[in-house]
Amino acid sequence: MPLVIAPLNTKLKVIKILLDDKTKKHLESLGITIDSELTLLDNTNGNVILMVKDGRLALDKNIATKILVR
């Protein structure tokens, strides 16, 4: 399922990232890779706030819809 419709405050695992290589590399540097675990903290109009490792990260709707989790 896309990250924007995932349940709040649940451990999620990234299974696929449907973005261009440049954006994928940037997300990797922030800790979002295939098989990484994250927690969705807030979802407002598709814009999301995530807990990745020990830090919080905000992603806009366009990027969050292209990150698939389970």
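Read along the sequence, this chain runs β-α-β-β-β-α-β. That makes two helices and five strands. Both come from DSSP runs numbered from the N terminus: helices are H or I, at least four residues, and strands are E, at least two.

A word on the source. This is a predicted model: local features need pLDDT of at least 70, side-chain atom pairs count only at pLDDT 80 or more, and totals for chains, interfaces and linings use all residues. Residues are numbered from 1 along each chain as its sequence is written, and side-chain values use heavy atoms, with hydrogens and water left out.

Now overall shape. The C-alpha trace spans about 30 × 25 × 20 Å along its principal axes. The end C-alpha atoms of residues 1–70 lie 6 Å apart. That span is 20% helix and 41% strand.

What about the inside? Of the 70 residues, 33% count as buried, meaning under 20% relative accessible area with a 1.4 Å probe, protein chains only. The largest nonpolar core has 19 residues. Such a core is a set of buried Ala, Val, Leu, Ile, Met, Phe, Trp, Tyr and Cys residues joined through side-chain atoms within 4.5 Å. Among those with the most contacts inside it are Leu3, Ile32 and Leu50.

Which residues does Ile32 touch, leaving aside neighbours within four places in sequence? Val14, Ile17, Leu27, Leu38, Leu50, Val52, Leu57, Leu59 and Ile67 are in contact with Ile32. Contact here is heavy atoms within 4.5 Å.

Last, the record. UniProt, in an unreviewed entry, places "domain: Ferrous iron transporter FeoA-like" at residues 1–70. Positions follow the numbering used here, feature names are shortened, and annotations may be inferred rather than shown by experiment.

Methods: Buried means under 20% relative accessible area, exposed over 50%, partly exposed in between (1.4 Å probe, protein chains only).
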